[in-house]
Amino acid sequence: MKTGLIWFKNDLRLHDNEALTKAIEECDELIFCYAIEKSNFKKLDLGFKKCDVNRFKFIEQSVADLQNHLEKLGAHLLIGSDSAVQLLPKLVEKYDISDIYAEEEYASEELNLIKTIQNILPEVKFHSYWGKTLYHKDDIPFSTSKIPLSSKAYRIPTGKESEPRKTFKAPTELKSVKKVKSTKFPSYKEFDFTKKEYDAARPFVEGGETKALKRLQYYTFKSELLTGYRWTRNQSQGLDYSSKFSPYLTIGCISPREIFENVKEYEKKIKKNQSTWWLVFELVWRDFFTLKGMKFGDKIFKTRGYKNKEIPFDNNQENFEKWCEGRTGIPFVDAHMRQLNETGYMSNRGRVNCESYFVHDLNIDWTWGAAYFESKLIDYDVSSNWMNWHMQAFEIYYTNPVHQSNKYKAQDFIREWIPELKDCNDIEVLIPWEFDIPDYPKPIEIFSKWERAINLIKKLKIKI
Ligand SMILES: Cc1cc2nc3c(=O)[nH]c(=O)nc-3n(C[C@H](O)[C@H](O)[C@H](O)COP(=O)(O)OP(=O)(O)OC[C@H]3O[C@@H](n4cnc5c(N)ncnc54)[C@H](O)[C@@H]3O)c2cc1C
């Protein structure tokens, strides 16, 4: 009798889950588990938690949905409230487990965790399967150490020489060990969140495989929003300008291959255009950052970056706090930061502007900003977050937040997230410092490089 343990981590789904598929094929009986890592909720020296309450709630929703799916198939989910290091050895002993099945990891924290468990359980066989990217890392024409530095140099040969692998079907039955009862997700209290914080948390989208697959259907066949994605993707307001797949991809409620197959189907049945190409292109960006993260390891978390380059930062603590709280006095930045703080999500346009302002205007160490995003984002992903910040810090894509607020017509978005500006007209709301608006903070600084953009806004035609 071979008893296997499925260890869910950031692959909280039944569809396209190779570890699950293989365990079902190879074992007589299965135990299913998930462990939350308490250390991810500790306070950092910067003054905030490594992982904040919106992500906690999003994880909780996603795990609950997985548990529900497993129970419908007569199985269970055993949930650890401290660490996999505590939970897995207990389960191995109790259920006489010989084999553990899980998704393969690459970042150092996750690898260390696995190594620790392997050292505690030398007699257990570990099986890991790569599932994080659209293209399997073994199928692309580069070894990890030879991943090109530019996305184009990665993307073109990869597209020519490889194909994403086919998805694995979700199981319809599970050979679960009998008489095992699911356990509860731990309370927010165990992670030092207050009731007020927990109740106020409202992740931008709800977690879980069910919601992820529904969103995929909605964004593609149901609404056909995908057809316009190329032209809407730079907006910030609402749910529909972009896919909102990122929180689901991060925690594995959906697989990139599932999205890819859906887009290919959409191209056959509805429309193939620049938008369908672009969505896949973005998934390939995500792959590229993952692989680049693998190549450079922990260097991607360091102020000097993988280029080992010194940048003289000012690191003004007060400005850092103003940026975090959305009180810089620059509406385009503040609206996005407040949305991030309240919902754990920010559009790509917002992220680009907030990080550019942080690094190039406020001149603060980019790793502080990346750590803050890590804390707040429900779609936090090691490589996507740190590589995007790294790119901004070292490759200098300056974006002028005043110009961009006008270019992307962000008035309604700003009024939605900054109540102090909700009654401002379309000009005032973009450059409030030019008017007498009492409650909203005065800007940290108005740079002369913004002058042209400010003058353009002053000339906007507005409805009276
Ligand atoms: C400073 C900064 C930090 C970021 N941090 C993260 C992060 O922690 N996690 C994360 O998933 N994305 C991150 N991104 C990338 C991007 O902003 C988000 O993926 C995107 O806004 C998510 O919304 P969406 O799913 O609607 O995106 P869509 O525009 O619909 O894109 C579809 C998918 O493509 C991928 N994608 C799109 N743009 C990027 C990109 N620039 N880099 C990597 N993948 C991309 C995402 O998986 C996304 O879900 C960051 C970008 C910046 C500039």
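The buried residues of helix α7 pack against α2 (53–72), α8 (229–232), α9 (246–251) and α10 (256–269); contact here means heavy atoms within 4.5 Å. This is a predicted model, where local features need pLDDT of at least 70, side-chain atom pairs count only at pLDDT 80 or more, and totals for chains, interfaces and linings use all residues. Residues are numbered from 1 along each chain as its sequence is written, and side-chain values use heavy atoms, with hydrogens and water left out. Helices (H or I, at least four residues) and strands (E, at least two) are DSSP runs, numbered from the N terminus.

**Helix α7**

- Spanning residues 209–222, α7 has E209, A212, R215, L216, Y219 and T220 as its buried residues (buried is under 20% relative accessible area, exposed over 50%, partly exposed in between, with a 1.4 Å probe and protein chains only).
- Why do they sit on the same side of α7? They cover an arc of only 125° around the axis, an arc taken from the directions from the helix axis to the C-beta atoms.
- Look on the other side of α7 and you'll find K214 and K222 exposed.
- After α7 comes E224, with a positive phi near 60°.

**Around the ligand**

- The ligand is surrounded by 28 residues, and the closest are Y229, S242, S243, K244 and N348; a residue counts as near if one of its heavy atoms lies within 4 Å.
- Y345 puts a side-chain N or O atom 2.8 Å from an oxygen atom of the ligand. Polar contacts are pairs of N or O atoms within 3.5 Å; within protein, one must be able to donate a hydrogen and the other to accept it, and residues adjacent in sequence count only if both atoms are side-chain atoms.
- E282 has a polar side-chain atom 3.0 Å from a ligand nitrogen, while for S246 a backbone N or O atom lies 3.0 Å from a ligand oxygen.
- On its own the ligand has 810 Å² of accessible area, and the protein covers 96% of that (Shrake-Rupley method, 1.4 Å probe; for residues, only the protein chains shown count as cover).
- Two or more shell residues come from each of α9, α11 (274–296), α14 (348–361) and α16 (382–395), with α11 giving the largest share, five residues.
- By class, the shell has 13 nonpolar, eight polar and seven charged residues. Ala, Val, Leu, Ile, Met, Phe, Trp, Tyr, Cys and Pro count as nonpolar, Asp, Glu, Lys and Arg as charged, and the others, Gly among them, as polar.

**Helix α12**

- In α12 (residues 317–325), N319, F320, K322, W323 and C324 are buried.
- Those buried residues pack against α13 (331–343), α14, α15 and α16.
- The N-terminal end of α12 is capped by N316, which has a side-chain oxygen 2.9 Å from the backbone nitrogen of E318.
- G326 follows α12, and its phi is positive, near 70°.

- E374, in helix α15 (residues 366–376), counts as buried because its relative accessibility is 9%.
- Leaving out residues up to four places away in sequence, E374 touches K50, R55, Y380, N385 and W386.
- N10 is in the loop between β1 (3–8) and α1 (18–26), and its 33% relative accessibility makes it partly exposed.
- With residues up to four places away in sequence again set aside, N10 touches E103, K132, T250, I251 and G252.
- N10 and K222 are 212 residues apart in sequence and 27 Å apart in space, C-alpha to C-alpha.
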